[in-house]
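Let's take a walk through this structure, one piece at a time. Have a look at it first, and then we'll start with how its strands line up.

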Amino acid sequence: MNSLFVLRRQLLASLMALGIGCGLSVSAVSQDVPAQKYLQTIVFMTDFGTLDDSVPICKGVMYSIMPEVRIVDLSHQVTPFSILDGARFLYGATPYYPAGTIFEVVIDPTVGSTRKAVIIRSKRGQYFVLPDNGLITLVAERDGLEAAHEITNPAWMIGKALSSTFHGRDIFSPAAAHAARGDDWTQAGPAVELNALVRLNLQAPKIDEQGLHGDVIATDGPFGNLVTNVDAGQFLELGYQRGQKVPIVFGRQNLDLLFVKTFSDVPLKEPLIYIDSRGRFGLAVNQGSFAAKYGIKPPAAFTIPRKK
């Protein structure tokens, strides 16, 4: 805010206090206020954990290129090597961030191999800096993709002698910072055909005369709730309503579980079926672990018959 604006503002306030009209309106004065520019954001996710210096080193690389960047840690506790978990977390988080946000994801089981490092722009105007190993699958299905470029330009990397095992530091972090700084992201390297990007081969749930067949794809953090690939609409097609028991078969286990709105609708340590915060069919134990109680670990198939 410059001194001229301050003086004009003070003058206007004094004139208004004295009841003296003038040709200078408040709106005219406010136009002199410099437009607020929000900090560019990089949302950072890895399976590195936080026991060593890997994550801070990557952040240091980003800050060295763009000191004013804002870095949001989505998670660094992704199940090691789990591309599906990374894809799932991206899918869940991206709707809550605006266009222009940069997502850097380093879940890279084949680091140093022939897999590509890429920058991808979605049709929502968000950017994804990550290995081409399927991490973009769920976002691509929902939001659509606009363009992709392989990261091959040395100016978008760190050093000439790149590590074969730490591309988070040497490739993905500098590339994310350059993109956040406003550098032309298409200069990172050659274009990649969108249909050539690696996609996960995910099994979709299906409904037939026997009922609904789905899969447990993850557990919900430390709580042990089961996350499935079945959305609420698919489950409700079977005809069950809240307050009713729902039979469900996991291999040789046959369970009858109450379908409720929230955990506290059943007694402590009792199992339940609910629609989770992402709109998917879920299984939980009130203040307990469903996975531990029933010995179920993803991936695990299940079947729910139609309501009779």
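Two strands count as paired if DSSP finds at least two bridges between them. Keep in mind that this is a predicted model. With that in hand, go to strand E7 (residues 206-208) and strand E8 (residues 211-219), which pair in the antiparallel sense over three bridges. Here Ile 207 stands opposite Leu 212 in E8. The two strands make a hairpin, with two residues between them.

Now stay with E8 and see what else pairs with it. Strand E14 (residues 300-304) runs antiparallel to E8, and five bridges join the two.

Next, the inside. The largest nonpolar core has 29 residues, and Ile 42, Phe 44, Ile 102 and Trp 156 are among those with the most contacts inside it. Elements giving two or more residues to this core include strand E1 (41-46), strand E3 (102-106) and helix H6 (167-181). H6 provides the largest share, seven residues. For a close-up, pick Ile 102: among the residues it touches are Ile 42, Val 43, Val 129 and Ala 176. Apart from this core lies another one, of 26 residues, including Tyr 240, Val 246, Leu 283 and Ala 291.

Methods. Residues are numbered from 1 along each chain as its sequence is written. This is a predicted model: local features need pLDDT of at least 70, side-chain atom pairs count only at pLDDT 80 or more; totals for chains, interfaces and linings use all residues. Side-chain values use heavy atoms; hydrogens and water are left out. Helices (H or I, at least four residues) and strands (E, at least two) are DSSP runs, numbered from the N terminus. A nonpolar core is a set of buried Ala, Val, Leu, Ile, Met, Phe, Trp, Tyr and Cys residues joined through side-chain atoms within 4.5 Å. Buried means under 20% relative accessible area, exposed over 50%, partly exposed in between (1.4 Å probe, protein chains only). Contact means heavy atoms within 4.5 Å. Lists of a residue's contacts leave out its neighbours within four places in sequence.
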